[in-house]
Amino acid sequence: MSLLTQLRSSAVVARSMMAPFERPDRLPRALAAMAPWGRTTAGVLAGAAARYPDRAAVIDDAGTISYAELWRRTQAITTGLQACDIRAGRRVGLLARNHRGFVEALAAVAASGADLVLLNTGFAGPQLADVVQSEQIDALIHDDEFVEIAAACGVELTIDERALDDMARAGSIEPSREQGSVVILTSGTTGRPKGAARSSDAAGVEA
């Protein structure tokens, strides 16, 4: 990565953390919390939890969750993923709608060092199985409503909402020294959707 790209990405992170009339200790604390995970999704969440621990991070059908609690659960989920051999070099599919579990899975996979493939919740069973094979997905995190197509998609390890919540109840992690990428699928209008990987490092944050 070029020096210019690194400087630009650092500026993106710095701008996102700027706020007027704020306690002077908060920004250094946030940057220190980010350090082990760098400028990944996990690092940004860790920084937010250190800076605004009690502030609402996500409001969904289950209620409100703070940044501190969201980050605590994310770290525990990463421990659970690591116990399932989810690590750098592996690929995890995420088939979930917009709720706290999506954010937790997104950050936890980043913290594990594995690659994350964002899957279309509109996929039918055959489409999901086709993408799982073509993108070489090793594990699938999914909402409960997708349990049937997840079970038939050909992935050896599937993690539903209850399993994800069980992981979130205990554990802590060591930072991964390797950063995975986030894979966004193309529309697939002219054939099978193809993965377009974005790095999870500074260049990915810039994008």
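Trainee: In which strand is the place of His 142?

Mentor: Helices (H or I, at least four residues) and strands (E, at least two) are DSSP runs, numbered from the N terminus. His 142 has its place in strand S5, residues 139-142. Before going on, note that this is a predicted model, in which local features need pLDDT of at least 70, side-chain atom pairs count only at pLDDT 80 or more, and totals for chains, interfaces and linings use all residues. Residues are numbered from 1 along each chain as its sequence is written, and side-chain values use heavy atoms, with hydrogens and water left out.

Trainee: How many helices and strands does the chain have?

Mentor: The chain has 9 helices and 8 strands.

Trainee: What is the average pLDDT of the chain, and where is confidence lowest and highest?

Mentor: pLDDT is the predictor's confidence in each residue, from 0 to 100. The chain averages 83, and 75% of the residues score at least 70. Confidence is highest in S5, at 98, and lowest in helix H9 (residues 202-206), at a mean of 44. Over residues 201-207 pLDDT stays under 50. Where pLDDT is low, the predicted coordinates should not be read in detail. For residues 201-207 the model has 17 contacts beyond four places in sequence, a contact being heavy atoms within 4.5 Å.

Trainee: Is His 142 buried or exposed?

Mentor: Buried means under 20% relative accessible area, exposed over 50%, and partly exposed in between (1.4 Å probe, protein chains only). His 142 is buried because its relative accessible area is 4%. Not counting residues up to four places away in sequence, His 142 touches Leu 95, Val 147, Ala 150, Thr 158, Ile 159, Asp 160 and Glu 161. For the chain, buried residues make up 41% of the 207 residues.

Trainee: What share of the contacts joins residues 24 or more positions apart?

Mentor: Among contacts with a separation of 6 or more, such residues account for 63%. Gly 93, in strand S3 (residues 91-95), gives a case. Gly 93 counts as buried because its relative accessibility is 0%. Gly 93 and Val 132 are 39 residues apart in sequence, yet 7.8 Å apart in space, C-alpha to C-alpha. Leaving aside neighbours within four places, Gly 93 is in contact with residues including Val 117, Leu 119 and Ile 141.

Trainee: Where is the place of Ile 86, and what does Ile 86 touch?

Mentor: Ile 86 has its place in the loop between helix H4 (67-83) and S3. Ile 86 is buried, so to be read from its 3% relative accessibility. Beyond four places in sequence, Ile 86 touches Leu 81, Val 92, Ser 112, Ala 114, Ala 139 and Leu 157.

Trainee: Which phi does Asp 85 have?

Mentor: Most residues other than glycine have a negative phi. Asp 85 has a positive phi of about 70° although it is not a glycine. Asp 85 is found in the loop between H4 and S3, and is partly exposed, with a relative accessible area of 32%. Gln 136 is also not a glycine and has a positive phi of about 55°. Gln 136 lies in the loop between helix H6 (125-134) and S5, and counts as exposed at 62% relative accessibility.

Trainee: Which residues line the largest pocket?

Mentor: On a 1 Å grid over the protein atoms alone, a pocket is an open set of points with protein on both sides within 12 Å along at least five of seven lines, a cavity is a set where a 1.4 Å probe fits but cannot get out, and lining residues have an atom within 4 Å of a point. The largest pocket is lined by Asp 60, Asp 61, Ala 62, Arg 73, Asn 98, His 99, Arg 100 and Glu 161. About 200 Å³ of space lies in this pocket, a volume being the space filled by probe spheres set on the points, which are joined across faces, edges and corners.

Trainee: Where is the place of Arg 100?

Mentor: Arg 100 has its place in helix H5. Arg 100 is buried, with a relative accessible area of 16%.
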